[in-house]
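Work through the exercises below with the sequence and the model side by side. Try each task before reading its solution.

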Amino acid sequence: MSEVKFRLLTIVPIVILLISCSAENKVHSDKKEVSKETVPALSYKVESDSYAQNNINIIYPKLVDLPNDKKEEVINDLIRVEALGALESYSLDLDSHNTLEVDYQITYKSDDFLSIQYIGSAFNKGGAYPLNVFYTTNIDVDKEIKVKLTDLLEIDEAFLQELKNGIYKSYDDNLNLREEGVMKDFWSGVKDQDLLNDLKHADEAGGANNSGIFSYLTQDTLGISLAVPHALGDHLEMEIGYEKLSGNSKSGNSPWE
């Protein structure tokens, strides 16, 4: 994160060992095969689409069987643009020396909202190692628009405290920052005001979100993904129960209301 300073020199070597042990394997290859949808279908179905060129492969969802064909087209165009945004974010020029492998999982789906996680790995020629990729898209299906964290919540000190006290979710069985005793040191190295400022740009495209913060929804929680140094896995995810967000929810905008 560009504006957040980390005081993690004593723990980084330990975590580097964790990362390097599985670096030769395809990122997340040890995870069990699961359905891309973790919640039941409602008024529409979801199928997979993909973009492939040279060593670039991005799999993303598309909606089918929406009652309104025009709405379906608008939302699917939005999903595609968001999914392919990784090409710009990771500065991949599509030549044969760059690789990008991204798959998706839907973590929340209702008639009104859709939340998509993208996870994978990227390698840019000249780089020393592959990067772990994580980004998200949240969509208001009814309004046919992308939803950002600031559309859902007021970002203040109370929310920041709930984030710090949230549930850490490891994305890789070989990487668990809490078990390694890293989380306490991580949060102690984060300046609250810097993080508050960065959270207000979560989910934005391009340079505005230079700290790589993304949000997602599950049936019971709001998830926040934070960019961290490669030695810590490139990103980490924290989840907050919806019942803890009532004081920050923007009336009428939150899917859990």
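The model is predicted, so local features need pLDDT of at least 70 and side-chain atom pairs count only at pLDDT 80 or more, while totals for chains, interfaces and linings use all residues. Residues are numbered from 1 along each chain as its sequence is written, and side-chain values use heavy atoms, with hydrogens and water left out.

**Exercise 1.** Find which residues touch the most other members of the largest nonpolar core.

Solution. Begin with the term: a nonpolar core is a set of buried Ala, Val, Leu, Ile, Met, Phe, Trp, Tyr and Cys residues joined through side-chain atoms within 4.5 Å, where buried means under 20% relative accessible area, exposed over 50% and partly exposed in between, with a 1.4 Å probe and protein chains only. The largest core has 36 residues, and Phe159 and Leu199 touch the most other members. Among the elements that give two or more residues to this core are helix H5 (157-164), helix H7 (192-199), strand S9 (221-227) and strand S10 (235-241); helices (H or I, at least four residues) and strands (E, at least two) are DSSP runs, numbered from the N terminus. A second, separate core of 28 residues includes Ile58, Ala83, Leu87 and Val102.

**Exercise 2.** Describe how H5 and H7 pack, and name the residues that make the contact.

Solution. Their axes are 11 Å apart and meet at an angle of about 100°; axes are lines fitted to C-alpha atoms, for helices over the stretch in contact, and angles run from 0 to 180 degrees between N-to-C directions. H5 is therefore roughly perpendicular to H7, a term for angles of 65 to 115 degrees, whereas under 35 counts as roughly parallel, over 145 as roughly antiparallel and the rest as oblique. Next, list the contact, meaning heavy atoms within 4.5 Å: Glu157, Phe159, Leu160, Leu163 and Lys164 come from H5, and Asp192, Leu195, Leu196 and Leu199 from H7.

**Exercise 3.** Work out the strand order of the open sheet that four strands form, and find which strands stand at its edges.

Solution. The order is S7-S10-S9-S8, with antiparallel pairing; two strands pair if DSSP finds at least two bridges between them. Strand S7 (167-169) and strand S8 (214-217) stand at the edges with a single partner strand each, so one side of each has no neighbour in the sheet. Within the sheet, S9 and S10 pair over seven bridges, and glycine 223 has glutamate 239 in S10 as its bridge partner. Finally, H5 lies across S9 and S10, running at about 110° to S10.
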